[in-house]
Amino acid sequence: RSGNYAVLHTSGETAFAAMMRLFEAARESIHVATFILGRDETGRAVVDALARKAREGVQVRLLLDGLGCLWSSRSFVQPLRDAGGRVGRFMPVLPLQYKWSANLRNHRKIVVIDHATAMVGGMNLTTRFMGPSFRPERYIDASVFLCGSAVEDIETIFYDDWNYATDEGVDDTPELNGCFCEYAPLIHTHDVPDSLMSGCTIQVIPSGPDVPEDTFHDALLTAIMEARERIWMVTPYFVPDDSLLKALALKARMGCDVRIL
């Protein structure tokens, strides 16, 4: 997908501020999926903002993982339901589900506003990942905000997860008409002046048992094999299969600067 605007946020404070600006700017729809919604300052701010927009007539859908949001998927989000918003639970722990396995969890973190701008990345909606003020115990993570045609693919993934969790058949993504540029200033951060990248070509790749082939693995392996100068990786979980490990070792022998953090 070409012609996208993208901003990388590595601060939980700036990511939270940008997300809240998008919530306030929403006129048609807000779609949110998260693994963890904290019963804390950040979680309350999210629920309050979503409930306020739902009362204004904005279509709000909030998808929570049944395990990650075990303590925040019922009464904690009732204000959103009371305001007319929808809350879905992905594979609730109780009652036991017949689909797949209790170990199947939705770790995606997705925010889509008005079908035109989105946030994805590793930050859950809790103070351990993001919030209005700095916290020294906060995890190191990142989120990408983007506007443009790639948002359609992100929202399609949200709809797939929402429909799976709720047994609905929702899919109302309209064709983009180029108006997404108005959201670009909202996702920018003044702390990192050069963080806005325009004209980006972006490929959205989902992963999980619902994806027929392991496209992400194939894309990663292809990128490693095509590297000429350097391969830098940051990951909390490094358990490569034989093909990835062999490719990394081979590239290191060929003189590539291979670093894994």
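What share of the contacts in the chain between residues at least 6 apart in sequence join residues at least 24 apart?

1. The share is 76%, where a contact means heavy atoms within 4.5 Å. This is a predicted model, in which local features need pLDDT of at least 70 and side-chain atom pairs count only at pLDDT 80 or more, while totals for chains, interfaces and linings use all residues. Residues are numbered from 1 along each chain as its sequence is written, and side-chain values use heavy atoms, with hydrogens and water left out.

2. The chain has seven helices and ten strands, which are DSSP runs numbered from the N terminus (helices H or I, at least four residues; strands E, at least two). Along the principal axes, the C-alpha atoms fill a box of roughly 60 × 45 × 40 Å.

3. Of the 261 residues, 45% count as buried, that is, under 20% relative accessible area, with exposed over 50% and partly exposed in between (1.4 Å probe, protein chains only).

4. Strand β7 (residues 143-147) is mostly covered, since four of its five residues are buried. Five bridges join β7 to the antiparallel strand β1 (residues 4-9), and five bridges join β7 to strand β6 (residues 117-121), also antiparallel; two strands pair if DSSP finds at least two bridges between them. F145 in β7 stands opposite V7 and also opposite M119.

5. L70 lies in the loop between β3 (59-65) and α3 (78-82), and is partly exposed, with a relative accessible area of 34%.
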